[in-house]
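I opened my notebook to keep track of what I looked up, one entry at a time. Here is the model I worked from.

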Amino acid sequence: MSASKRELSEPSNNSTEQNESIKVTNDSNDTSKNGMQSTNDSAHRKRFKPGVEREDLENLTLSKTSAFDLQAIELVREVSVSNKHSKAALSLVEKLKKVLKDVPESEESNFWQACKKLEKSGSVKVPLHKPFPAEDTNIKVKSSSPLSISPGILSCSGKHFSTPNGWVYDLLVEMPQTLFTPKDFLNNRYFHKRQYYLACLAKEIVQKVGSDVELKYIALHGDARRPILQIKPVNEDSSARRRFSIHIIPCLASFFPTSKLLAHKNCLRNLLAEEESFPTPFYNASVLEDQSMLYYRDLVKKYSVNPQFVEACGLGSVWLNMRGFCSSMHQYGFGLQEWCIMLALLMSASGLPTGSVLSAYLNATQLFKGVLQILSSDSLSNSLHKVNYDTSPLTIVDHSSPTFIDCSTALNLLYKMNQTYLDYLKASSLHSLKLLNENEIANFPKVFLTRVNVPILEYDLSGTIPVQLKANFDNYTELTDLDSKFSYYMSQLWHILQQGLNDRVNRLVLFQSEVISSGVKDSLENNYPSKVSFGILLNPEVSLRLVDIGPSLEDAESTTKFREFWGEKAELRKFKDGRIAESVYWESSTPSERSQIPMQILKYVLNRHISNQCGDMVKFHNEEFQLFSHAKLSPNVDTYNDYVPVTEAYNEAVKTLHNLSDIPLSISEVLPADEALRYSCSRVPGYDTFATTPINIVFQFESSSRWPDELEGIQRAKIAFLLKLAELMEESENVEKAAVGLENTDYPALNCCFLQVLYANGFTFRYRIRNDREAALWKTLLKNPVTKQKGQEGLYIYDHMFKFIPQHTLAIQAICQEHRSYSMAVRLAKHWFYSHLLTNHVSDEVIELLIGSVYVNSNAWQVTASGETALCRMLHFLANWDWRFEPLVIDFRQRLPINIQSQATEKLESLRKQDVSMNRNPFYIVVDYDLESKHVGWKTPTKMIANRITVLARAAVSELMKPVTDFKSLFSSSMDAYHFVIELHAAHIPTYRENAKLKYKNLKALSTERPGFSPVSAFIEEIENAFNDSIYLFYNKDDPKTIGGIFNPAIMNPRHFKININYPFKVVEEDLVVVDTAAVCQQIQQVGGDLIKSLRLQIQ
């Protein structure tokens, strides 16, 4: 008996004592200290300390279990199928076993004669695949009862894990070896006999239990050569835990020689190549997998007695499902079956590299991390990764192919994966490990509870490609060892798109999630999917490049291939550096067209190499979104460039200030303090506005002891300085006008002045003086109980204006320069908030930080290069963020301590206890320049608005999850929820007058707008001051024609009369009054005057 056959009954259990346990650590669990033990029989040991009662040992174990482990245990319990829910499946399994054991044995006969006889009854059809056996074939087949019927790899542990599609009970049916000859592994003979045998099983089931079940052929892991039977009850339950299917999988004990089925061998003699020059690794691995299933089932079953092993498989099931991984060769090729086998091999195999063995003493989370570490290693693609190594002459056909070869069976566990799939699996594993290493408790939802495989959230560009199996694909059986025309189409599609898009993309993934299936009276050949999904992560540096440069003129062979691929698009060009090379130019007359260059390339190469109409039929998920965002915000591809004039104007303003000479104190520091200088304002000054909004700048003089010792005196000194600066600036050639403005006139101790300068370039800047002596004076007021509150308010306003805003501006500038798509993302985010009339309820700084967290924080996805995708991720975060108890920590400059998350959580808990009604900090956001969230989210949004944001975000995510998304609906808000609606005259609003002047250039000279003045904002501020908290107004500052208003619910109900009621009321009963809504609306109409077009009261 061969060595591999001996190992089939008993997996190798030697030499593992020499390997170190993989270094997987838990902060609160040190069970890995005993990881040096032999791993094969340790799973069966019961480890009790002498003199310690069992209950005490269990309590000790529980006390050493970390919070992360407890979360994992609870998660596995939730996804596990209980005995109650599996009872119906087990009953049907027993019924099927009785039927299959009674399959009648027939005499051996010719293949085609046997197929015709079997199909004559009309109940089943043999699920044959191409190439069919020759008509005069001498293949002999017969039916026979199985040697054994037993649970498969996923069911041998007795534990099943539910998925959104239900759960599967796999049943291995061992085919008798007498049905095959030693040479049947050649030329599809094994698969054709297997297909006939499966049809015999199907006929028996149809005849005996057909009325109770729904029977289908499905391609096992997408492999059309290996169909299996899928059996579902006729009356299927809607619950995921109750919804199950039974898979009957024909398999074979080790029969064919593994030496003939190695990756470098050829087992298909009909290929258009010589045997030695055209290996058939995929075909060979398919045969090997069939004859290794019983071996791996026994291996997994052996380690399933260890509950930690089963829980690690449960965690793996959840992790894989959330990322869309499954065993299908058309959807990444790595699923729960491969996970279980790999984990068992890592716990048992010999010949592993040092540090790769997993000890049975590790707990479930450590085993889970151990598998992720192996999947994230480079050894799976850069070298021949072998386990249970022996003297078999293993050779890799394609060195870029993923390899994890078990030498005891010669099977490459990753044979269904291509390099792209492995790269995605590796990146996902690395990212998950990074999250767990950062903070495993806080990041638990990101790793296990967030559905990652949502195209609109995961990729910069995604969509579907139609499946068009051309006539010239019919000879695929002579060109490849793949199983079907569809698989060959997927392979060709990947190579075409990879060559066409080249370095424009960081990742290109093609996948098909539909199961290839057919009825038992039909053929799988007629039921291939109609479309293929794709996802692309763009390379922001070169994705929008206009010219693709090919080989030089001297390289004749490469030039010919280049022209064959690109066709009429290829042209010879001479470049500035003097070289002459082939190239492809992508014409784009507008910025929005340039943003679609990757889409143009994809369509062109599909039209050229697949069919004339294939590219035109491609559907992009977010194409409409991109067109909408460019039309609404900016036609430029990179909206960062929209701010170039602003940046140049700022540099000029700073230079002008520094060049002033006749001032008593020199200027030590000038800092930006405006959203326009953060590349994040919704309307770019000078780009899409005529009367520019003033841009704020903070500057500071050198220190001096001559500043007054009182706050009001400092303000007077500031006015004197600014008047002098205005006088000097008026003399500059680049200044049109300079004047000192006043603010906070009712509060003389606060900053009460600024210098407003209109430059010749059309930009207006406001300069404010920062003096740190003010902060010291405000702090002295804190020491006196009488002036403490005044000191707190004054210090807050000073710190916010002169410290927080400049620091925030610098931080956002840094992230925007690192991630160029941030500008588009934050402008889209502001457009979303403004569209829902939340302008005056959510500060710009909060919005900028919410988008910044998408780029800075380690979330479930990797960093995107698309502003649209970043917005969708922000909405997903808002929809799932429990801001009542969870702080948002953003470490822009990697300065925060490691335990900042736990510190912020403790502070938030303390704050919530002190302020149960959440009057302050509903959004608790921590950054390195505001560690206690005193400036971000301190006042806005309120609790009511925070709840509103969550509701809106959940509605938006619900729309994004639909197969066809209406992106415009994300930015539309119904006015039905408001108690009254105010319509304004557009002619009285500067925004609309500016648009007219931008459209008609001859009107520019007629501009009399006051920079920075907004009548709508002034009107709303006047109303809110008059009615205090009695009413709340909502508007969109970018489109302020409509204002929504709601009354405070507290005054809508009858309440006792008080002398200090500050709103119109009417008496409903004796001593009970309610707000008089009609009178309030009438007063609002009087305040608004000609600005108001109409006011509609929507409640009685």
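**Entry 1: a nonpolar patch**

I began with valine 1067, which is exposed at a relative accessible area of 60%. For my own reference, buried means under 20% relative accessible area, exposed means over 50%, and partly exposed lies in between (1.4 Å probe, protein chains only). Valine 1067 lies in strand S30, residues 1065–1069. I noted that helices (H or I, at least four residues) and strands (E, at least two) are DSSP runs, numbered from the N terminus. Valine 1067 belongs to a nonpolar surface patch with Phe1057, Ile1059 and Phe1065, and together they have about 430 Å² of accessible area. Accessible areas come from the Shrake-Rupley method with a 1.4 Å probe, and for residues only the protein chains shown count as cover. Patch members need over 30% relative accessible area and no salt bridge; like charges are joined within 9 Å, and nonpolar side chains (Val, Leu, Ile, Met, Phe, Trp, Tyr) within 5 Å.

**Entry 2: what I am working with**

This is a predicted model, where local features need pLDDT of at least 70 and side-chain atom pairs count only at pLDDT 80 or more, while totals for chains, interfaces and linings use all residues. Residues are numbered from 1 along each chain as its sequence is written, and side-chain values use heavy atoms, with hydrogens and water left out.

**Entry 3: a negative patch**

Next I looked up charge. Asp662, Glu727, Glu730 and Glu731 gather in a negatively charged patch on the surface. In the counting, Lys and Arg are positive, Asp and Glu are negative, and His and the chain ends are not counted. The place of a charge is NZ of Lys, CZ of Arg, CG of Asp or CD of Glu. Aspartate 662 sits in the loop between helix H20 (644–658) and strand S19 (667–672), and it counts as exposed at 53% relative accessibility.

**Entry 4: salt bridges**

How many salt bridges does the structure hold? I found 40 salt bridges, each being a side-chain nitrogen of Lys or Arg within 4 Å of a carboxyl oxygen of Asp or Glu.

I checked glutamate 94 and lysine 97, whose side chains meet in a salt bridge (3.8 Å, N to O). Because they are 3 residues apart in helix H4 (residues 83–101), they are separated by about one helical turn. Glutamate 94 is partly exposed at 43%, whereas lysine 97 is buried at 14%.

Then I looked at lysine 369 and glutamate 440, which meet at 3.0 Å, N to O. This pair links distant parts of the chain, 71 residues apart: lysine 369 is in helix H10 (residues 364–375), and glutamate 440 is in the loop between helix H12 (419–439) and helix H13 (444–449). Buried or exposed, I asked, is lysine 369? Lysine 369 is buried at 5%, and glutamate 440 is buried at 10%.

**Entry 5: strand S26 and its partners**

Strand S26 (residues 980–984) is mostly covered, with 4 of its 5 residues buried. Two strands pair if DSSP finds at least two bridges between them. S26 runs antiparallel to strand S28 (residues 1042–1047), joined by 4 bridges, and it pairs in the antiparallel sense with strand S32 (residues 1092–1097) over 5 bridges. I followed glutamate 983: its bridge partner in S28 is threonine 1042, and in S32 it stands opposite serine 1094.

**Entry 6: an open sheet**

Here 4 strands form an open antiparallel sheet in the order S12-S14-S11-S18. Strand S12 (505–511) and strand S18 (619–620) are at the edges with a single partner strand each, so one side of each has no neighbour in the sheet. Strand S11 (residues 461–466) is joined to S18 by 2 bridges, and glycine 463 stands opposite phenylalanine 620.

A reminder to myself: most residues other than glycine have a negative phi, and most peptide bonds are trans. Asparagine 921 has a positive phi of about 55 degrees, and it is buried, with a relative accessible area of 0%. Asparagine 1028 also has a positive phi, near 55 degrees, but is partly exposed at 47%. The peptide bond from lysine 130 to proline 131 is cis, with omega near 0 degrees. Proline 131 is in the loop between helix H5 (111–119) and strand S2 (140–141).
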